[in-house]
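Here is a short tour to read with the model open beside you. Please keep the viewer handy as you go through the points.

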Amino acid sequence: MINTWTPLLFNDSQSVKSSDWIHTRRPMRKKRGSRLLASAEQHVYRGLILLSHVLLIFLLCPLTYAHFEEVHLLIQAGRYTEANNKLETLAESAKDIAVKSWCYYQIGETHYNYTHQYTRAIEAYDKILKLEKNGLAAEELFLAIIKKGDVHSRMGNYHDAIQTYDRLIKLAPASHFVHKTGLQKIRDINSALSDLREQQRIAIQYKGTPLAAIAQFQIAELYRNHSQLNQPKKAIEKYTSLLEAHPDAIMAPEARWRIAHIWHTVLNQSALAMATYRKVIEDYPASNFAAEALFQMANIHRTTEKYSLAIPIFEKLKQRYPNFWNMHAVLYWTGVCYEQILNYPKAIESFETFLHVYLPQLDPGYLGQISMHDKSVPEVKVEMSRKIKELAEQMSEVELERLNKARADRDFSEALSIARHLIATAPHTPQAEQAAEQLSTLQQLTAVENLRERLQDQNVLPIEAARARLQIGTLYERKPLQDHTKAIEAYQEVWKHHANLTYSAEALYRIGLIHAEQLSTPNEAIQAYKKVIETHPNTLQAMMANFQLGELYRKLHRYNEALQAYETTIGYPERDRYLAGGYKDSFADRAQFRIGRVHYDDRRYNEARFAFEEFIQNRTQSPRLAAAYVYLAAICENQNENAQADYYYKRAESLLPDNPIQMTMLIEEASALGNLQSTDSDAVMRFIKENRKRLGTEEAESNQ
């Protein structure tokens, strides 16, 4: 209960947000020059609030406590009207005056800190004061008086504020700390008003000079300070005037930062605070206040649990301002944010840097910046060591979960980074094995992701965009992705956006191959190949498309169309591929060989014989010579020319020993020969030897 409701008390003193005390325990933000000291006024508030909690905590029933929790969540969500309505209802129904008092106190705090409806805040505190006659505890009465005086100050009603604090002085014994607080508040107001008059005089007397700028800054400070004039909006107005009149003044960066900090910690306007902190960074990047602004921006995101937004700001702060006075807190809170998003490797790295680099030389007074003001340095060391150990033990499991989430979110670059780190840091775990199984796929998907990001750049050249889209299609087409639908979509994008470039010819050609070889949809493949030939006739892709048309027509037994496609292929300039052993391969070589095969498949043996004999004569460096000889041998056998068949088998046999190129092509091309289906080279040689032996036997028998 105490942790839940204490925060609202301190929002006006430039310290913390309500959510900071509940979950993240963000440290109090101290005024420069006094970061290590808590103000006496805060001690007064804390003492009063703790006393009132002690009284209240024993009186709350579970139902009332649940109401308080609900109100707290509404305030966190910025639903102040709903929160106040619930508090009003609860106050009216409550029989215990401590509960009533607390409800009105929270209403007053909401109006003071969030809605800035100060008249309504005073009304709420007055309702508490009216409970005095019903036996309200003195501590709660004192607190309400102090807060009412603060509201009068905030409104600029300093006479009323002094009268209110005077009432506190009269009520409390001279030895009581609130009596001294009342006296101090009155002295502070009178002193501030006197200082204000003096600074106003200086600003007028030295108008347009650096002295006037300093006076204007001091005036803004008087309005900003809660213990002095306590008018934050007036302070913003004065800082703004200073910046307009003296944009290059030495205190200009601090003035801009003060505006942001007031919006942030006093007026609770995070959007305005963020915009102004950003302005500090843009206008005064070399100032120490730029680092302060980054720190506060990151903390706004952190305390609203937007950890993924806080992290890059903390990282930027580390990179740009390595000498930032509060770097130990930057490292610690960065670790907290990484831990919250389950990035345990980065969390461990940040915590270890904090533990080993910064903590050993840290003044204990600075532990408040990481919400450990109640601990000693050795205690923090023990706690951080324990946390690091726990994170390390859980890391493999959590990293795999994070990997899978990143992949599900299609953040493949992040998933790949996680996978690599997991494999490297925990190589023998089941989680690392699962990551390793995904690694190749993630690499390809990340490459696709990078290419798509490149396409979003409006300055990318058309030729580069065409390459990127074609590469995306290629990545999807090949292993390990082999997503043929997405590959075709990517290739179609090339055709859509770059129809006149040769890359579109390649894309259409690849679409044809996918339909022909992967999807077994020959009609779509034929359509794609014909489009290549029609739109890009004088390209390598057109030549290859003609060859692939021949292949499709041959398999569909459309032999005449196949022959025409192969003949067209041969008509293109050859693009040779040089192989070991002095052999040359090309689409023309294959096409001419296939012409013989088409005739053979269509039982046109004379035409097939002529085609293969012409092939052997013209293609002396072909890797298909052995295959051509075997086809000729089979044709001669069919025509009962056993001696000639034996001759061709012998020629093939002479080419094959220790010749993997001729052997590979023979196995590939001779699949149409029904009795030669083996892919084993020894079996091929046995086949040829057995045929020669059989032919010799038959020849001998026929001669007898």
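A residue is called buried under 20% relative accessible area, exposed over 50% and partly exposed in between, with a 1.4 Å probe and protein chains only. By that scale Glu-237 is partly exposed, because its relative accessible area is 42%. This is a predicted model, in which local features need pLDDT of at least 70, side-chain atom pairs count only at pLDDT 80 or more, and totals for chains, interfaces and linings use all residues. Residues are numbered from 1 along each chain as its sequence is written, and side-chain values use heavy atoms, with hydrogens and water left out.

**Overall build**

- The protein holds 33 helices and two strands; these are DSSP runs numbered from the N terminus, with helices being H or I of at least four residues and strands E of at least two.
- Its radius of gyration is 42 Å, well over the 27 Å that the globule rule gives for 704 residues, so the protein is more spread out than a compact globule.
- That radius is taken over C-alpha atoms, and the globule rule is 2.2 Å times the number of residues to the power 0.38.
- Along the principal axes, the C-alpha trace spans about 145 × 60 × 50 Å.
- Of the 704 residues, 53% are buried.

- Glu-237 belongs to helix α12 (residues 232-245).
- Between Glu-237 and Ile-259 there are 8.8 Å in space, C-alpha to C-alpha, and 22 residues in sequence.
- Tyr-206, Leu-211 and Ile-214 make a nonpolar surface patch of about 260 Å².
- Patch members have over 30% relative accessible area and no salt bridge; nonpolar side chains (Val, Leu, Ile, Met, Phe, Trp, Tyr) are joined within 5 Å, and like charges within 9 Å.
- The areas come from the Shrake-Rupley method with a 1.4 Å probe, and for residues only the protein chains shown count as cover.
- Leu-211 sits in helix α11 (residues 210-224) and counts as partly exposed because its relative accessibility is 45%.

**Salt bridges**

- Side chains of opposite charge can pair when their charged atoms come close.
- The whole structure has 42 salt bridges, each being a side-chain nitrogen of Lys or Arg within 4 Å of a carboxyl oxygen of Asp or Glu.
- One of them joins Glu-221 to Arg-258, with the closest N and O atoms 3.7 Å apart.
- This pair links distant parts of the chain, 37 residues apart: Glu-221 is in helix α11 and Arg-258 in helix α13 (residues 252-266).
- Both Glu-221 and Arg-258 are buried.
- Glu-551 meets Arg-554 at 3.3 Å, N to O; the two lie three residues apart in helix α26 (residues 540-555), about one turn of the helix.
- Glu-551 also bridges to Arg-594, where the closest N and O atoms are 2.9 Å apart.
- Here too the pair links distant parts of the chain, 43 residues apart, with Arg-594 in helix α28 (residues 587-601) and Glu-551 in helix α26.
- Arg-594 is buried at 5% relative accessible area, and Glu-551 counts as buried at 9%.
- Shared partners join Glu-551, Arg-554, Arg-577, Asp-585, Asp-589, Arg-594, Arg-597, Arg-624 and Glu-669 into one salt-bridge network.

**Aromatic rings**

- There are 25 aromatic pairs in the structure; rings of Phe, Tyr and Trp (its six-membered ring) pair if their centres lie within 6.5 Å, and planes under 30 degrees apart count as stacked, over 60 as edge-to-face and the rest as tilted.
- Ring pairs link Phe-593, Tyr-600, Tyr-605, Phe-612, Phe-615 and Tyr-631 into a cluster.
- The charged end of Arg-302 sits over the ring of Trp-333, 3.6 Å from its centre; this calls for NZ of Lys or CZ of Arg within 6 Å of the ring centre and within 35 degrees of the ring normal.
- Arg-590 has its charged end over the ring of Phe-587, 4.3 Å from the ring's centre.
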